[in-house]
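Please keep the viewer open as you read.

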Amino acid sequence: MPEAREQTLPTIADGGAHVLSLPREVSMQAKQLLQKPVAELGPFKRVEAAKITGVGLWELEDTTWQLKLSATMYIERAGNQLTMRRCQWESQQWEERKITGALAMVQLVIDQDIVEVFAGDGQFVMTARYF
């Protein structure tokens with residue numbers, strides 16, 4: 001993140017700027033880096049997206065769902081495409097990230113202002129802050 005943008009973070013006033021991501025199990029398989037949450041985090045709760053209540057470790061196996069984490073963060077899955085939409089704090093413009101592929105089970109690690117998405121048995125990972 002460029003320094004000028006970093007200075008606009010809503011958490012700068014509290015002395016925080018960056019994401020300290022959770023520990024991951026990292027491996028290589030067929031020349032591809034795989035990332036999974038470490039087992040020590042505890043079990044993920046398998047639910048439907050509509051039953052996600054906020055902070056927690058969640059697993060979603062449905063192939064179509066939409067999740068609103070806040071007024072500024074949405075995640076949705078439509079078949080083999082996962083889309084994360086986030087409103088940028090400084091410009092109020094929406095940005096979008098997508099992953100497409102054999103997603104299989106989707107795991108979400110949701111904290112107060114951070115979400116981590118793991119899909120495709122570790123092939124796809126996204127991390128984002130939201131305010």
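**Strands, rings and charged pairs**

Strands β7 and β8 run antiparallel to each other and are joined by seven bridges. Strands here are DSSP runs of E with at least two residues, numbered from the N terminus, and two of them pair if DSSP finds at least two bridges between them. Before going further, please note that this is a predicted model, in which local features need pLDDT of at least 70, side-chain atom pairs count only at pLDDT 80 or more, and totals for chains, interfaces and linings use all residues. Residues are numbered from 1 along each chain as its sequence is written, and side-chain values use heavy atoms, with hydrogens and water left out.

Within this pairing, L82 sits opposite I99 of β8. The two strands belong to an open sheet of four, ordered β5-β6-β7-β8 with antiparallel pairing. The edge positions go to β5 and β8, each of which has a single partner strand, so one side of each is left without a neighbour in the sheet.

Is T83 buried or exposed? With a relative accessibility of 4%, T83 counts as buried; the cut-offs are under 20% relative accessible area for buried, over 50% for exposed and partly exposed in between, using a 1.4 Å probe and protein chains only. Leaving aside residues up to four places away in sequence, T83 touches Y74, I75, E76, E96, R97 and K98, where contact means heavy atoms within 4.5 Å.

Y74 leads us to the aromatic rings. A pair of aromatic rings is described by the distance of the centres and the angle of the planes. Searching the whole structure turns up one such pair. The ring centres of Y74 and W94 are 5.8 Å apart and the planes meet at 45 degrees, so the pair is tilted. For reference, rings of Phe, Tyr and Trp (its six-membered ring) pair if their centres lie within 6.5 Å, with planes under 30 degrees apart called stacked, over 60 edge-to-face and the rest tilted. Y74 is in β6 and W94 in β8, so the pair ties together parts that are 20 residues apart in sequence. Both are partly exposed, Y74 with a relative accessible area of 24% and W94 at 45% relative accessibility.

E96 forms a salt bridge with R85, the closest N and O atoms being 2.8 Å apart; the criterion is a side-chain nitrogen of Lys or Arg within 4 Å of a carboxyl oxygen of Asp or Glu. This pair links distant parts of the chain, with E96 in β8 (residues 94–100) and R85 in β7 (residues 81–87), 11 residues apart. E96 is partly exposed at 42%, and R85 is partly exposed with a relative accessible area of 26%. Salt bridges also link E76, R85, E96 and K98 in a network.

How many salt bridges does the structure hold? There are nine. One of them joins the side chains of K36 and D121, at 3.1 Å from N to O. K36 belongs to β2 (residues 32–37) and D121 to the loop between β10 (114–119) and β11 (124–129), so this pair ties together parts that are 85 residues apart in sequence. K36 is partly exposed, with a relative accessible area of 28%, whereas D121 is exposed at 54%.

Another salt bridge, between R46 and E61, spans 3.8 Å from N to O. R46 lies in β3 (residues 45–46) and E61 in the loop between β4 (56–60) and β5 (64–70), so parts that are 15 residues apart in sequence are tied together.

Finally, turn to β4, where five of its five residues are buried. In a regular strand the side chains alternate between the two faces of the sheet. Both faces of β4 are covered, with G56, W58 and L60 buried on one side and L57 and E59 buried on the other. β4 pairs with β3 in the parallel sense over two bridges, and W58 is the bridge partner of K45. β4 also pairs with β9 (residues 106–110), in the antiparallel sense over five bridges, and there G56 stands opposite I110.
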